[in-house]
Amino acid sequence: RFDREELQVVCEGRKIGFQIDPTIGVDVEAIMGKSFSIEIGKIGADSKSNIFDVNGNAIKDNIKFEKTFADINLDDASSSFTFILEDIACSDDTVGALADE
């Protein structure tokens, strides 16, 4: 079970995003392929948490849904990243300096 202490939650504009905090030491292979449920809003009668719009209006009904973690073989998985440099001259020195950050 992951609670708000184990999740990173970001609210921006009309979006709410969350992820498991990678610093808590999750055994990723133990949760692969497992189903989970999410409930966002006021949880319990004494809860001080809720979702509010910019005018301070709380949502009336909690948002609930279920998902499943992907079940992939991490030994065979790979990833790639694309980044764009704007207004920066691209050279080996620039890339090397940015890679160290």
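Student: How many salt bridges does a search of the whole structure find?

Tutor: Since this is a predicted model, side-chain atom pairs count only at pLDDT 80 or more. With a search that covers the whole structure, the number of salt bridges found is one.

Student: Which element gives the largest share of the lining of the largest pocket?

Tutor: The largest pocket holds about 1,400 Å³ of space, and the elements that give two or more residues to its lining are strand 1 (7–12), strand 2 (15–20) and strand 3 (35–40). Its lining comprises 36 residues, and among those nearest the centre are Ile-38, Glu-39 and Ile-40. The largest share, six residues, comes from strand 3.

Student: How do the residues of that lining divide into nonpolar, polar and charged?

Tutor: Gly counts as polar in this division, which matters for Gly-41, one of the residues nearest the centre of the pocket. The lining divides into 18 nonpolar, nine polar and nine charged residues.

Student: In strand 2, what is the bridge partner of Val-9?

Tutor: Strand 1 and strand 2 pair in the antiparallel sense, over six bridges. The hairpin that they form has two residues between the strands, and Gly-13 takes a positive phi near 55° there. Within strand 2, the bridge partner of Val-9 is Phe-18.

Student: Why is the protein described as more spread out than a compact globule, and what is its radius of gyration?

Tutor: The protein has two helices and four strands, which follow the pattern β-β-α-β-β-α along the sequence. Its C-alpha atoms fill a box of roughly 60 × 40 × 20 Å along the principal axes, and 9% of the 101 residues count as buried. For 101 residues the globule rule gives 13 Å, and the protein is more spread out than a compact globule because its value is well over that, with a radius of gyration of 19 Å.

Technical notes. Residues are numbered from 1 along each chain as its sequence is written. This is a predicted model: local features need pLDDT of at least 70, side-chain atom pairs count only at pLDDT 80 or more; totals for chains, interfaces and linings use all residues. Side-chain values use heavy atoms; hydrogens and water are left out. On a 1 Å grid over the protein atoms alone, a cavity is a set of points where a 1.4 Å probe fits but cannot get out, and a pocket is an open set with protein on both sides within 12 Å along at least five of seven lines; lining residues have an atom within 4 Å of a point. Grid points are joined across faces, edges and corners, and a volume is the space filled by probe spheres set on the points. Two strands pair if DSSP finds at least two bridges between them. A salt bridge is a side-chain nitrogen of Lys or Arg within 4 Å of a carboxyl oxygen of Asp or Glu. The radius of gyration is taken over C-alpha atoms; the globule rule is 2.2 Å times the number of residues to the power 0.38. Buried means under 20% relative accessible area, exposed over 50%, partly exposed in between (1.4 Å probe, protein chains only).
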